[in-house]
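The sequence and the structure are shown first.

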Amino acid sequence: MKKTCLALLPLLLLAGCQTREPYVASPSRSDRVFPGRDIGMAWDAQGGLHAIHVEDAAGGARVVYRRLDKLGFKAVTVSPPGVKTNAGGETPPVLQILADGALVAAYSVPSPGQGSGRILAQRSTDGGATWSAPKPPPNGGDPGSPQQRGPRLAQAGDGSLWTVWFTGEPPGGVYAAASRDGGATFGPRQPVVTLGGDVHNAMHPEIGVLPDGRIAVLYEAFRDLGVHQVEARLRTPSGSWSGLAVVEPDAGSPRLASRGKRAVVAFTRRRGESSEILVRDWERVFPPAAARPSARTAPVPGQG
């Protein structure tokens with residue numbers, strides 16, 4: 001009995017250490033859920049996962065920074081008191097990590113008396129602990145109407161540049177297209193989901209390349225019978241598109257962040273009068289085809 005306990009001791013110590021490790025995306029990790037909406041995420045070169053998102057507060061919507069790879073990290077408010085963001089589904093806040101490790105956050109704020117908004121940017125050089133005062137970009141920070149700013153971009157492993165967008169022009173829907181010359185020209189658009197039938201609307205598209213090489217296109221869909229969900233289609237490296245997959249019911253504003261072998265997907269969900277963000281490892285959202293329950297996947301007629 002004593003020998004057995006001694007033999008198990010290294011395993012018990014390892015298990016204890018694992019519970020205290022920083023969060024690293026893997027199928028064995030639990031989802032991360034916290035208050036907020038409209039998240040933007042980025043991985044740094046060391047495998048750290050950074051995020052900014054909108055948090056609705058009594059004084060107005062504000063921009064908040066989080067580290068998703070550190071347990072117990074306390075959220076930091078980025079936008080200073082008196083600065084209220086109007087960032088949302090079409091104009092979410094964005095986060096960029098520079099080569100020197102500095103963080104740059106950009107988000108929109110309303111312009112008084114106008115239907116458009118302005119862009120403000122803030123910078124942190126101490127890992128998100130403190131942020132500079134907000135400043136507009138050199139063009140004055142005027143992005144035009146905040147209801148326009150939907151295309152997303154991703155570069156595949158073969159060098160092709162993919163874009164995805166929503167259009168209301170008939171036949172409306174979410175479309176994808178690829179460029180083989182660095183963005184100089186794009187090939188014919190490929191339908192991801194088209195409006196009509198039981199699809200009333202499809203918005204907030206997202207595109208990204210998964211660690212296994214598949215291209216994932218996610219979007220928020222509104223269907224008959226009050227169905228509101230995040231759906232996706234996947235393109236394999238061989239060039240074929242999967243059928244439609246329901247990846248998160250009662251959710252919207254999908255976001256995908258990937259770098260090397262790491263990737264996570266995030267959604268916004270309504271909870272009564274408030275909202276929450278769910279962050280999930282990519283392998284739990286997009287498992288190998290053989291492991292995906294057939295009830296959650298269905299072909300989309302006429303959408304190749």
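## The loop between E6 and E7

Gly101 sits in the loop that runs between strand E6 (94-97) and strand E7 (103-110). The model is predicted. Gly101 is partly exposed, because its relative accessibility is 43%.

Asp100 forms a salt bridge with Arg123, and the closest N and O atoms are 3.6 Å apart. Arg123 belongs to strand E8 (residues 117-124) and Asp100 to the loop between E6 and E7, so this pair ties together parts that are 23 residues apart in sequence. With a relative accessibility of 58%, Asp100 counts as exposed. Arg123, at 36%, counts as partly exposed.

## Overall content

The protein has 304 residues, and 46% of them count as buried. Its secondary structure consists of two helices and 20 strands. The accessible surface is about 15400 Å², and carbon and sulfur atoms account for 56% of that area.

Strand E14 (residues 215-223) is mostly covered, with eight of its nine residues buried. Strand E13 (residues 199-209) pairs with E14 in the antiparallel sense over eight bridges. Within this pairing, Ile207 stands opposite Val217 of E14. The two strands form a hairpin with five residues between them, and Gly213 in the turn has a positive phi of about 95°.

E14 also runs antiparallel to strand E15 (residues 227-235), to which nine bridges join it. Here Glu220 has Val230 of E15 as its bridge partner.

## The four-stranded open sheet

An open sheet is built from four strands in the order E1-E19-E18-E17, with antiparallel pairing. Strand E1 (32-35) and strand E17 (252-259) are the edge strands, each pairing on one side only. From one strand to the next, the twist averages 20°.

Inside this sheet, strand E18 (residues 262-271) and strand E19 (residues 274-281) run antiparallel and are joined by eight bridges. One of the bridge pairs is Val264 with Asp281 in E19.

Thr167 is part of strand E10 (residues 161-167). Is this residue buried or exposed? Thr167 counts as buried, because its relative accessibility is 12% and the cut-off for buried is under 20%. A polar atom of the Thr167 side chain lies 3.1 Å from the backbone nitrogen of Glu169. Leaving aside residues up to four places away in sequence, Thr167 touches Gly172, Gly173, Tyr175 and Arg189.

## Other salt bridges

Side chains of opposite charge can pair when their charged atoms come close. The whole structure contains 16 salt bridges. One of them joins Glu55 and Arg62, with 2.7 Å between the closest N and O atoms. Glu55 is buried at 15% relative accessibility, whereas Arg62 is partly exposed, with a relative accessible area of 30%.

Arg67 and Asp69 also meet through their side chains in a salt bridge, at 2.7 Å from N to O. Arg67 counts as buried at 12% relative accessibility, and Asp69 counts as buried at 9%. Elsewhere, a network of salt bridges links Asp31, Glu248, Arg269, Arg271, Glu276, Arg280 and Arg284.

Methods. Residues are numbered from 1 along each chain as its sequence is written. This is a predicted model: local features need pLDDT of at least 70, side-chain atom pairs count only at pLDDT 80 or more; totals for chains, interfaces and linings use all residues. Side-chain values use heavy atoms; hydrogens and water are left out. Two strands pair if DSSP finds at least two bridges between them. Axes are lines fitted to C-alpha atoms, for helices over the stretch in contact, and angles run from 0 to 180 degrees between N-to-C directions. Buried means under 20% relative accessible area, exposed over 50%, partly exposed in between (1.4 Å probe, protein chains only). Accessible areas come from the Shrake-Rupley method with a 1.4 Å probe; for residues, only the protein chains shown count as cover. A polar contact is a pair of N or O atoms within 3.5 Å; within protein, one must be able to donate a hydrogen and the other to accept it, and residues adjacent in sequence count only if both atoms are side-chain atoms. Contact means heavy atoms within 4.5 Å. A salt bridge is a side-chain nitrogen of Lys or Arg within 4 Å of a carboxyl oxygen of Asp or Glu.
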